[in-house]
Amino acid sequence: KKRILSGIQASGSLHLGNYLGALKKFADMQSDDAERFFFIADLHAITVWQEPQKLLDQTREIAACYLAAGVDIEKSTIFPQSAVTGHVELAWIFNCVARLGWLDRMTQFKDKAGKDKERASVGLYTYPVLQAADILLYKATHVPVGEDQRQHLELTRDVAKKFNHDFEVDYFPVPETLYQGPGARIMSLRDGMAKMSKSDPSDNSRINLTDDADTIASKIKKAKSDADVLPEAAEGLENRPEAKNLVGIYAALAGTSVADVLNDFGGKGFGAFKPALAEVVVEKMAPISQRLRGLLADPAEIDRVLKIGADRANEVAAPVVKDVKKIVGLWAGS
Ligand code: ATP
Ligand code: MG
């Protein structure tokens, strides 16, 4: 049985990268008969400091973003990670399956911990293990994520294989990752070598789903670019990361190819391209941000959606926790 699962951290407001790399894909893959689970990773968010009230607001806001982007609770289960205790239970067991050497190789930890890693939380270090638990708790078979999650998903696959091997079972499916397609890696508007992130301190580095048209236009106008005109063909974008990113955003949102965009804009400078890009971004994002504002005005409705999702997710997760306890030899009742 095909089971799709993915999550988004409650670490801030969602941006265009989250939309193109994750939300849009989730909404677009609701037509087959797979089961779908989409959660708000509040436990992952607290691996770095979060103001408690803000964390709660962000959790509801991300639930609203799922809905605004077109995730339908008739077809998908939306829930907060912390509302299903199995995530944490499995994470501990997987902490004992995963090896230190595996975690030492994780580049996201190195990026997020910065220079002073002695002061990073232990949670930030074992973050990929909790992520393995998130996925395997539902025995997910397919995990749609952005390209930045490639290494973590490989670790999840390793945990599944090692668990099955160590306990001589064929219990966890080894999940397939889905990160192809346009929008899988949107870069910061301020630095073409860094990915667009919620946790980037500069708000000008990203376009948030809540930004209005003027803000979007002004961020694109300020976006880092170069002095050259756009090339006639995609190869001309190599070694021009900012230009490549802006053209890529245009193509992903307009639903065309980079080649098509360059057909129209090859030979033109950013003075002509940026306003056109701003127009596309505003046009595509406006309906979503409008729905989002409507949803955010009714937090009680969001809580209702989350409660339904948490109950459904718990129904699927509880038997898996019980099975795993038995396999490991932990007392799970008679
Ligand atoms: P943080 O900075 O707190 O890690 P984030 O912006 O990286 O936040 P996550 O919650 O970690 O967002 O990721 C949620 C989903 O969005 C994941 O599937 C991730 O791969 C995807 N994603 C995040 N950033 C981008 C990006 N720049 N381009 C495409 N997909 C992205
Ligand atoms: Mg991230």
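Colleague: At what angle do helix 3 and helix 12 cross?
Modeller: Roughly 135 degrees, with the axes of helix 3 and helix 12 (residues 270–296) coming within 9 Å. Axes are lines fitted to C-alpha atoms, for helices over the stretch in contact, and angles run from 0 to 180 degrees between N-to-C directions. Helices are DSSP runs of H or I with at least four residues, numbered from the N terminus. This is a predicted model: local features need pLDDT of at least 70, side-chain atom pairs count only at pLDDT 80 or more, and totals for chains, interfaces and linings use all residues. Residues are numbered from 1 along each chain as its sequence is written, with chains lettered from A and ligands numbered from 1 in the order written.

Colleague: Which residues of helix 3 meet helix 12?
Modeller: Glu 61, Ala 64, Cys 65, Leu 67, Ala 68 and Ala 69. On helix 12 they meet Ile 288, Arg 291, Leu 292, Leu 295 and Leu 296. Contact means C-beta atoms, placed from the backbone, within 7 Å.

Colleague: Now domains. Where are the bounds?
Modeller: Domain 1 is 3–178 + 299–328 and domain 2 is 203–294, from an automatic or database domain assignment.

Colleague: How many residues does each put into the contact?
Modeller: Domain 1 gives 11 and domain 2 gives 10. Helix 1 (16–28) and helix 3 (52–69) each supply at least two residues of the domain 1 side.

Definitions and conventions. Contact = placed C-beta atoms within 7 Å.
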